[in-house]
Amino acid sequence: MCLIIYKPNGVNVPEELLRSAITHNNDGFGLMFPENGKVVVYKDHRSEYVYEPYFRHAEKEMLIHLRMQTHGKINLDNTHPFHIGGETWFMHNGVLLIDTKKKPDMSDTWHFNEKVLKWLYKFDPSDL
């Protein structure tokens, strides 16, 4: 299963913990944090690339998602976080029960974002 790490402002994730997390969840990373009213996002389909943006912004509050592939290919489009709209992004752990047959290369999370969250956001972004 994927791993989400919440890192409070001014707290560091021990490097050995981050290294272990990458070893077990090496199918991509996403890192996001707020800055000047915007959400800054870094992501790559190679989890080991998390070190550079993490250490460059280590003093900030952030969320880090490390992917373990369950559905879809290992690529940037299937890497969390997913953009819903505006400054709204999401990441999650686990498997979503959603039809992925139309685009089997895409993850269940990508399908959920495209079919559900983006659709809801169009109607009322404040609900998300």
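**View A. Phe29 stands opposite Leu66 of strand E4.** The structure shown here and in the other views is a predicted model. Strand E2 covers residues 29-35 and strand E4 covers residues 62-66. The two strands run antiparallel and are joined by four bridges.

**View B. An open sheet is built from four strands.** The strand order is E1-E4-E2-E3, and the pairing is antiparallel. At the edges lie strand E1 (3-7) and strand E3 (38-44), each of which pairs on one side only. From one strand to the next, the twist averages 15 degrees. The E2 and E4 strands of View A are part of this sheet, with Phe29 opposite Leu66.

**View C. Asn36 has a positive phi in the loop between E2 and E3.** The phi of Asn36 is about 55 degrees, although Asn36 is not a glycine. Most residues other than glycine have a negative phi. Is Asn36 buried or exposed? Asn36 counts as exposed because its relative accessibility is 77%, and the cut-off for exposed is over 50%.

**View D. A cis peptide bond leads from His80 to Pro81.** Omega for this bond is near 0 degrees. Most peptide bonds are trans. Pro81 is found in the loop between E4 and strand E5, and strand E5 comprises residues 82-85.

Technical notes
Residues are numbered from 1 along each chain as its sequence is written. This is a predicted model: local features need pLDDT of at least 70, side-chain atom pairs count only at pLDDT 80 or more; totals for chains, interfaces and linings use all residues. Side-chain values use heavy atoms; hydrogens and water are left out. Two strands pair if DSSP finds at least two bridges between them. Axes are lines fitted to C-alpha atoms, for helices over the stretch in contact, and angles run from 0 to 180 degrees between N-to-C directions. Buried means under 20% relative accessible area, exposed over 50%, partly exposed in between (1.4 Å probe, protein chains only).
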